[in-house]
Every structure is written in structure tokens, then in C-alpha cells.
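Here's a quick tour of a protein model, written for someone just getting started with structures. Take a look at the picture first, then we'll go through it topic by topic.

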Amino acid sequence: MLQRAFINNGEQVGTKYVYEQTLDSHAPISPEYLTVVREVYAEPHGKDPIAPSPFKQTLEALRAAGSVRVISRPPNSSRTFTAYALLAHLLNDGLISEVRPLSFGGSRHFPTRRLPHDRHCGYLLELPPDEDDFAVDDSFGGNLTKLIERLQRRDCRLIVLTRPEQWRRISHGAPDGVAPELGTVSPRDIAERWLLGQEPDFPADQWLDHQDIKPLLTSQAPTDVLNLVYLMLEEHRAARSAAAVAAAPDQALRYQRDGSPRRTFEEQVANVAAAHSNWEEALYTWHEPEGRSRTSFERNFLLAAAVLRGDPVGHVYARAAKLTEQLDSVEVEVDGQREPGVIAMTRAIGAQREEDGTLTFTRPHWDDAVIEYFWNDRPLARTTFLKWLAQAPVLDTNTSTEALETISRDGRLALAERVGQFALRWAVRHRRQTPLERVVKEWYKHGTAKELWPLAVELLDSAAIHAVSAPYIHSMLLAWSSRSQPHLQRAVVEVCTGAFGRRHTAKALRRLRNVAAQGHPDVIDTLREAVRVLWQDATVRQMLFGYVVDWCKSDTTSQTVGHRTFTALALNSPPETAGLPPLLQAMVEGNSDEEDAFRPTVQGLVTGWRTLLRQAAGPTGERDLDKAVFTWLDAALEQHELKYVVFDSLRQAVNVPGAEGPILRETLRTSAQWWVQGQDRPYSEEKEDLKRELSALLDQDLIARRSQPLASQPSTPGAPSDEPQGDAEGEAA
């Protein structure tokens, strides 16, 4: 059963699946995943060796209906995995029927009515970290009693994830004992549970008690322990596979001549220890051999072979020459016979040429270690190397043609993924944005419609929801959102449209606000799509609508970001889609008694509509204004309860003093007439009657304005009394 659970769509469940699984508010946690968690989780130890472990005590407390427990730990300390393990035991014991994550939403508060109506559920709620102008309200701890009462009525349980500094601030009034100290877990226990979980016959004690392995486990974080676990598993499996091959009768003569590929246990341990230290000693010995000095071309050929793993050797050879030129300003003539050739260079770096023309290394993770060694050994060459590295996946047709070799698309994408992962690891580890910035810049230049750009966005999006990398990536995206470079802004907007935006909607919205303030034309359409995506989270609609209104009011963003984002909410996507557009749908839903229901204000709608009406001086032909007018008048005709808000918004939008008023009114009248009868829009008496009713109201407003004393009319169209105020950001700002 456990072995089947470890397999997920053909891919083995491991560090990637378990430790990187994030809370998706749209789906329950799979039972298969929870089975793996329950079997491999290593319980932390408390201070009292005789008493039950803190984990067992917490599990016992969660058995009661309505129980709540808070796990207050910093990121990358197994807090999410611990919560999964607790809920997995409750599910296995039949106390709950399903495990679901909860979205905190965009507000500073988490009201009790946001709890689902399901029964027998175990919920996991991660509190968003405090940042910028957002913080979970101080009253959270005091409100837990109300949550407990509602959970108890539905026989549900809740685990809350927070950080120690945040919990100290918001814990006032929380029930006693709600946030237990769970103790510490032994790295050896983590390793043993995972090794035996994946291979029950694995000689765990022999490996974990070895004098060269013990130091590698000391004081390691769980993700670092799992990295070591998979090094041991890889080496053990490789040795077992080599032994099976060597035992084959048809291989006896070959191995008698070339030597047996079998590795002793001590050799396996040595390989794991060396790979864990990135083979630094072995690489130093290669770079600094006794009695001679490596040439720059040799060093760069090794580096190129490590980066371009799986590429044809001719391509590696040419790119190594290019790297030598860029790093050392030395021209390497690889198209003649002056320089050492492929065979000589391959032997110089200790690689093997395969039958398909690629290079391989026999030592595990040697290629990654080569890149890491260069990075640490040559700090002043990093900028030049990063540019070369980011350009490596870009198709070089000249090199491929001259070498009579073809680099497959899949090969380039695999290379791009390795390049991206290296840049991500280094950026997160050293808290420096430069590697990721360079990758984003070069792949943006290659073209956002080509395959490398989506890979860059996916890399950032995944990192933004990974527990280990998320804190740094979130701060990096916040910094990028205020910078003017279009490639950085485009990356921020697309990440905010992805999984990061769905999970951290309020955070995504604040980053989009910063991007919108720049008003860069290259990101406006992408920003429009992001607004549509974030609107799906009802808890941030008030804040999002307030931002859109502010963008419409601003002279710098009104006809760019404001126009496009208001249109995104005023129209369906695509416009011909049946049903109400988001803003009108919110007007209908806003009448409900749901906790997060939001009804856009007429003042905010007026500001948006005025922005669209001012588009009349722009391009001819079908405009967003006409599509929006058609859609809203259709809604007013089909749903009588919407007629007032549609008419009121349009009337106020054109009711301005001065020379602009007649222009806006005539623009609206013309668009309304096209709605009554135009191309692909047949005439009907009902539409004619509705248009006349609107026109009469516009005339009525005009007469009323003209009858006002001049002193009571605003002197300019932009006066405060004329321009409606946008929605306040509310609690979530």
C-alpha cells in the first residue's frame, strides 16, 4: 500500500512532492499523499523522555470535535508537514472524512462565517505573513473561541500555521494551550523513516551509523536531510544495478578486461559524502594538478559540459570557446586544428562520449558541483558567466549547422530548467536577485511568445509557493514591482496571475498596484488578465476595485492601466460570453448575506465609466466602450433589478460641467443607438424603449445642471465635487 502511494502518475513521491506540496485552496489534500506523510513522518521529541511526545499530546487534543491547534514555527521547520501528519492520523482513525486547506483571504480578519459548511473535515489555515502595509489583525487569537464553537457544531478540526513573531502579536485572548511547543525532531529519525518508507530493505543503520555520514546529518534542516537521503538512495540503487549487470554471463569478458563496475559499500559512502560537499576536493585537484596548469579552454570546456548536459558534444565544444572569449578575452579557433579537439578535451575533463554524441560524467551530481565550484572560485567572473548561462538555452542555429548536429527542443527546455534552478538556488541561498534577474532579462529578450519565457514565469511562480523559497521570492517580487524595467514588471504580473496569485491574493494585489503605478505599456494587457484572475477571490474585491478606481482617477494611468483594468471587470472575457460581467455579477451577489459579499459603489462605477467614455477621441472602429455599453444595456433589459445601477452609473458619468459634458453625452448616445440597431445587432422595440428612457434621463440631468446657479457648479471637470471618490481599500489594504 505504501509503495503504491509513493507513486504519483508515474513519478516517485519524494522531496519534490511532499516538501514542496503547497496549500491549494481549490482542492482537498489527496488521501494518497496523506498516507505517505503518515508513514514517513518522524515525531519530534519533548524534554521529558518518559511523558508522551508533544506530537501525540497534540494529536490527542485534536480528537475532540471543534478543537483548534496553532503551530507557531518559522518557515522551513516542517510546520506544514507536521500539520499534514496530524491531520493524516485523524483521517486514518476515521475522525474526519477529508482534509482541506482554507484561504485566509484578503482581509486582515478571518471571520467565523468564512468556515465552510462541510461536516467531519480537518482544515489547515496558513496565516499570511506581515509585510508592507498588511498585517493579520491583533484580534485573531481572541476570535479563536468563536471559531471553535462553529467547528464543534460541524464536528470539524482546525490547524493554524503562523510564525513565532506573528503569534506573539496576535495571540492575546487565545485559549490556553492552543499553541503547544512540539519539541525538536532528530535528523537521523527523518532520514531513517524516509529511507525505509521508500525501500523497506534498505540497510538504514549501516548507512546512518557510518562515521562519514553521521556528521552530514548533524543539525540539518528537514529539506537538507532529504537531499542526503536521496543521495544515499541513488548510490545504493546504482550499486545494486551495477551488480546485476556485472553478473550477466555476456558481460563477464568485458568486465574481466575493463574492470568490474561494482562499488563496495565504502566507495558508495565516499561518493555520497563527496557529492554532499559538491565534490570540492576532487574538483580542486582537477583544477590545480601537480606539475602543470589547466588552460582556460579546459576549465571552460568542463564548465560548458556541466551546464549543457545532454547537448551534442560539438555544441558544447563551440559554446566552451564562446565562454572562453567572454571570460578571458581569448579567441579560441575551434573551426580548425590549432586547438585540442573534442576527443582530447573530453578526456581532459574525465567525461565519456556516448553513442548519441553527448557527454556524461560517472560521478553522481558532478555537473552541478562543477557549476557550484566555479561560482565560489571565481566571484569576479559571475556577471559574465550569468549572461552566458542565461543565453545557453537560446537556440544557436549557426553552431548546430556547422557541427552538423541538431539540438532538440526538449533538450533546450531541459537545459533551461537546469539554468533556472541554479539561478533560483543561488538567489535564495545568498539573498541576491542578480541570477534570476539575468535569466528573466535574457529570456524576455528572446520573446515572451517563445518557450523560454513561460519557463521563467513557472520557475518564479513555483518558488513563490514553496515553503523554503517563498519568503525571499515574495520580497523580491515586491522589489521588482516598483522597478521600471519591463521584463521585471511583466514577470511580476504573470506570477501574480498564476498559483502565487491564487494562494496569496492580497499579496499579489499589492504587487500589481506597484506595477500599475508605473503604467508601462508592455504589461498593460497582462495586468488586465491578472485583474480578472484576482477578482475570483471574493475577499479582495473591495481592495481590487478601489485600486482600479484609483488608476482611473489618476492622470498618469487613467487612459492606460485604468481604462484596461476597468474594462476587464466591466466586460466578459471574451466579450461575447453569455452571462453578466464581473462588476454586474457582483451587484447581484452583493445583495446576499455572505460574509465576503461586495457590492461596487456607484461612485466607483462612475469613475470607471468616465474613463471609458473619454476613449471616444481615440481609435475608430469597435471600441471597449461600445462593447461595455452593449453588455450593460443588455443586462438592464434582461434583469430589471440592474436597470437602476446601469442608468445611474451612465448618467453620472456624463454629467460633468464645461465643454467635456456635451462630448461625453453625445458619445454615450451614439453608442446606445448602435446598441439598438447595428451590425449583427437586430432592432427591437424593447431596446428602442430602453434607449429612449436613458436619453430622457440624460436630457433631464442636462436641464437640471443648466438651471443651477453658476456659483454652485464646479469650475473644472477635475474638481473634487465633480469627481467621485473611489472605494476605500477596506480592511485588506
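Let's start with a group of rings: Phe374, Trp375, Phe385, Trp388, Phe422 and Trp426 form one aromatic cluster. Keep in mind that you're looking at a predicted model. The chain has 733 residues, and 52% of them count as buried.

**The big picture**

- The protein chain contains 36 helices, along with eight strands.
- Take the contacts between residues at least 6 apart in sequence: 72% of these join residues that are at least 24 apart.

**Rings that pair up**

- A pair of aromatic rings is described by the distance of the centres and the angle of the planes.
- Searching the whole structure turns up 22 aromatic pairs.
- One of these is Trp375 with Trp426: the ring centres are 4.7 Å apart and the planes sit at 70°, so this pair counts as edge-to-face.
- Trp375 belongs to helix α18 (residues 366-377) and Trp426 to helix α21 (residues 409-430), so their pairing ties together parts of the chain that are 51 residues apart in sequence.
- Are these two Trp residues, Trp375 and Trp426, buried or exposed? Both Trp375 and Trp426 are buried.
- Phe566 and Trp609 make another edge-to-face pair, with 6.4 Å from centre to centre and 70° between the planes.
- That pair also links distant parts of the chain, since Phe566 is in helix α30 (residues 558-570) and Trp609 is in helix α32 (residues 602-613), 43 residues apart.
- Phe566 has a relative accessible area of 1%, so it falls under the 20% cut-off and counts as buried.
- Trp609 is buried too, with a relative accessible area of 0%.

**Charges over rings**

- Which ring does the charged end of Arg294 sit over? It's the ring of Trp286, and the charged end is 4.1 Å from the ring's centre.
- The charged end of Lys687 sits over the ring of Trp675, at 5.6 Å from its centre.

**Two helices packed together**

- Two packed helices are described by the angle between their axes and the distance between the axes.
- Helix α32, where you'll find Trp609, packs against helix α34 (residues 643-654) at an angle of about 60°, and the two axes are 8 Å apart.
- That angle makes α32 oblique to α34.
- The way α32 passes α34 is a right-handed crossing.
- On the α32 side, the residues that meet α34 are Val602, Leu605, Val606, Trp609, Arg610 and Leu613.
- Their partners in α34 include Val645, Leu650, Ala653 and Val654.

- Ala321 is part of helix α16 (residues 313-328), and it's buried, with a relative accessible area of 3%.
- Leaving aside residues up to four places away in sequence, Ala321 touches Phe297, Val332 and Val334.
- From C-alpha to C-alpha, Ala321 and Ala304 are 9.1 Å apart in space, while in sequence they are 17 residues apart.
- Where is Ile465? Look in the loop between α23 (452-464) and α24 (470-481).
- Ile465 has a relative accessible area of 15%, so it counts as buried, given that the cut-off is under 20%.
- Ile465 and His504 are 39 residues apart in sequence, yet their C-alpha atoms are 8.7 Å apart in space.

Terms used:
Residues numbered from 1 in each chain as written. Predicted model: local features only at pLDDT ≥ 70, side-chain atom pairs only at ≥ 80, totals over all residues. Heavy atoms only, no water. Phe/Tyr/Trp six-rings, centres within 6.5 Å; stacked < 30°, edge-to-face > 60°. Helix = DSSP H or I, 4+ residues; strand = E, 2+ residues; numbered from the N terminus. Buried < 20%, exposed > 50% of the residue type's maximum accessible area, 1.4 Å probe, protein only. Lys NZ or Arg CZ within 6 Å of the ring centre and 35° of its normal. Axes fitted to C-alpha atoms, helices over the stretch in contact; angles between N-to-C directions. Parallel < 35°, antiparallel > 145°, perpendicular 65-115°, else oblique. Left-handed = near helix turned anticlockwise from the far one by under 90°. Contact = heavy atoms within 4.5 Å.
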